[in-house]
Amino acid sequence: MTTPTDSAIARIKRRIADDACVILDGAIATELQRRGAHGFQLSDDAHWGFDALHDSPDAVSQLHRAYLDAGADILTTNTYSILEAPSFIGDRDRGRDQDIDGNPAHWFDMARAAIELPRRVIADAGRESEVAVAFSIGGDVENESQMATVDILLRLFERDRPDLVLFETLSLLDDNLTLDAIDKFIARGLPVWVSFRRCRQGLCGIHGQLWGGPEGDRFGRLARRLEAAGAGALLINCLPVARVGGTLAWLRDFTDLPLGVYPNVGRYVESGWKFDPDTGPEEFAAQAMAWRDEGAQIIGGCCGIGPAEIALLASRMAGVPRGDGRARLTVEADATVPESAVPASAATHAGRWQDDAGRELFPLPLPAIVVDPGVFMPTQGSYLIWKYLFNGRVGESKTCLDIGCGVGILAIQLALNGAASVTAVDIQQAAIDNTMTNAFRNGVASKITGVAEDLYSFTPTDKFDLIVASLYQMPTDPRGRAGGHRDVDYWGRNLLDHLIAQLPAYLAPGGVAYLMQISILGARRTEKLLAQHGYRVRVVDFNLYQFNPVFHSHLEQIRRVEELSDAYHFTFGEDEHVTVMYLLEVKAA
Ligand SMILES: C[S@@+](CC[C@H](N)C(=O)[O-])C[C@H]1O[C@@H](n2cnc3c(N)ncnc32)[C@H](O)[C@@H]1O
C-alpha cells in the first residue's frame, strides 16, 4: 500500500505561490527507447511504454530516479495508456501473465505498480515530503468503457493514492466524458491537473499541424470552467516547442490557475521516436526561459525530453521569476532618459495625462485586442470611431448594434461604456469568434451577442438605440468581376447604401447611428439617401488616411468615381494619396 505525501503536494503549491518554477519530469516511453530498455519498442502497439511496467520495471524505476536526481518536483507514473489498458493487458499469448511480484498480471495491478515504483524511488531518496507522484491518464475519456476504467482507478486510489492526477494530451472536452471523469477525482479530494494538446490557434497535432478551424475563445472558456470545477493547474503538452509561444499569455486572460507547459522535441516515425539533434538541453532550456517569461509556472518535457534536459532546466529555473508575457518598457529602464528628466511621480503622472473625466490617457485604455488570422485588422477608420465612443462614453445604458464588427473593438468599447447590450454582426464566423474572445478578455462577454450574418440578410427582431458601422468601401472596376453573385461595387458604396436603407428597420425612435464614410465616396448621395429615409447627418469627427496598397490597386476606379461625383481625395507629389475618413452622426430628421 502506498500513502499520499500531502506535504509534497503542499510544497508544490507553496512553490507556485512563492513564484518558483515547478519542474515536471520528462518522457518515460521515449526515454526507455533511448536507453534501449530490455524488450522495449516504442509504438502505439506497445502502449506507449505501459508494457514496461511488466517487462522491465527496473528500467522504469531507474528512469524515475534519474528524473528525481535531475531536480523534478513531480514524477509521473508510466500510465499514459491506462484508458486502453483493460483491452490489451492480460493477454497470455504475449507472455504478460504475471506482475512484478509474480502475481497474475492485470492492468489494475500494473497501475498499482506504476504508483509504487516512483513512491519507492522517492522514499529511497528520503524525499517523501518534497517530490510528488502524478498519476498520468492520457487522452480524452471518450466512452463508457473508459469511464468504467476511471471508476476502477478511483477504487484503486482509495488504497494506493497518487498525489495528483494528471490528465494529459486532451482535446476540448465538449463531446466526451472527460469533464465528468475530472469531477469524480476532484470529488474524492484528489488534486487534478489538466493538460491539453492545444496552442493559441486551437487543437494542435504532434507535428504542429493545426486541426480544426478558428474557435474563438472556446479553450479560454474551458479554462474558466475547469478552474470553477476545482482543477489545480492547466498545462499544454504533446505539441512541438515551436507551437508553445503565445499560448500561456493568452490563457492568462481567462484563468488564474497555475499554467504550465511540457512540449515534445522530435517526432514519431513508424519505428519509434526520432530525437531532434538540434534541440539538446541547452536549446530546450533557452526555450523554457521564454515560456517562463510568458508566465509558465510549471515546466517539464513530453516525448523526446529526458533527464539531461530536465536537469539543465531545473538549474536554469532556480530563482527566475515568472514573467507576465507582456513586454514593458519602463521609463527607468530607458537609459536614454536622464534620471533628472523623470518627475518623481512618473509612475502615476496623476492629473497630467488624464482626460477631463479623470480617466488615465497614458497608456490609453484601448481595449485589449488580439487579431485572429483572417480577421480585419483595425485601421484608422476603426480608431476614429473608437476614439469618439471612448471620449463621449457613447452607448451608456443603450441597446447597441455593431455592424461589421471585425475584432470587436467598437462593440467592446460600447460595452465598456455601460451599454445595456451590444449585438455584434459580421459576415465572417472568425470575426465573431474573435470578437467574443476579445470581449471575454475585456470582461464584457456577457453584454455582447455575436451574430455571424450577412448584412444583406440580417433582420433583427428588435430595434436598437445606437448603431455603429465601419463598413468596407472601395470603388471597384466592374471589368472581369461580373461573374459573382454579389453586385459589383462600382461606387464602393453597396454596403453603406444598403445599411442606410435598413436604418428605419434597425434604429429605434430617437436612436442614433455612427457611420464611417470615406471621401472617395460622394457626400451628396449619402445625404440624399438618408433624407429619403427620414434622417439627417452631421460630421462629428474626421481623420486623414494615407492610401494603403488596396486603395492604390483601385486608384483608376477611384478616379473614375471622383470624376462622376463629388467624391475626392488629396494627391501629393507623384504618388502620395490621402483620403478623409468622416464619422457621421445620423438621427431622425
Ligand atoms: C472595415 S471592417 C471594420 C471592422 C471593425 N468594425 C473595425 O472597426 O475594426 C468591416 C467588417 O465588415 C465585415 N463585413 C463585410 N461584408 C459584410 C456583410 N455583407 N455583412 C456583414 N459584415 C460584413 C467584414 O468581415 C469586416 O470584419
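This is a predicted model: local features need pLDDT of at least 70, side-chain atom pairs count only at pLDDT 80 or more; totals for chains, interfaces and linings use all residues.
Two strands count as paired when DSSP finds at least two bridges between them. Look for the open sheet of eight strands, whose pairing is parallel. Reading across the sheet, the strands come in the order β1-β12-β9-β8-β5-β4-β3-β2. At the edges sit β1 (22-23) and β2 (74-76), each of which pairs on one side only.

Now let's step inside the sheet and visit strand β4, which covers residues 164-170. Is this strand enclosed or left open by the rest of the structure? Seven of its seven residues are buried, so β4 is largely enclosed by the rest of the structure.

Who are the neighbours of β4? On the one hand there is strand β3 (residues 132-138), which runs parallel to β4 and is joined to it by five bridges. You can find individual partners here: A134 is the bridge partner of L164 in β4, and F135 stands opposite V165 in β4. To get from β3 to β4, the chain passes through helix α7 (residues 144-159), making a β-α-β crossover that is right-handed. On the other hand there is strand β5 (residues 192-196), which also runs parallel to β4 and is joined to it by four bridges. Here L166 has W193 in β5 as its bridge partner.

Next, turn to the nonpolar residues. In soluble globular proteins, nonpolar side chains tend to be buried together. In this model, the largest nonpolar core holds 167 residues. Which of its residues touch the most other members? They are A72, V192, L234, I299 and A415. Helix α6 (residues 107-124) gives this core its largest share, namely nine residues. The core also draws on two domains, with at least three residues from each: domain 1 (6-265 + 273-317) and domain 2 (380-478 + 486-588).

Finally, have a look at the ligand. How many residues surround it? There are 20, and the closest are S382, G404, G406, I427 and L455. Helix α14 (409-416) and strand β14 (421-426) each supply at least two residues of this shell. Sorted by type, the shell divides into 13 nonpolar residues, five polar ones and two charged ones.

Definitions and conventions:
Residues are numbered from 1 along each chain as its sequence is written. A residue is near a molecule or strand if its C-beta atom, placed from the backbone, lies within 6 Å of it. Ala, Val, Leu, Ile, Met, Phe, Trp, Tyr, Cys and Pro count as nonpolar, Asp, Glu, Lys and Arg as charged, and the others, Gly among them, as polar. A residue is buried if 20 or more other C-beta atoms lie within 10 Å of its own, exposed if 12 or fewer, and partly exposed in between; C-beta atoms are placed from the backbone. A crossover is right-handed if, with the strands pointing away from the viewer, the path from the first strand over the helix to the second runs clockwise. A nonpolar core is a set of buried Ala, Val, Leu, Ile, Met, Phe, Trp, Tyr and Cys residues joined through C-beta atoms within 7 Å. Domain bounds come from an automatic or database domain assignment.
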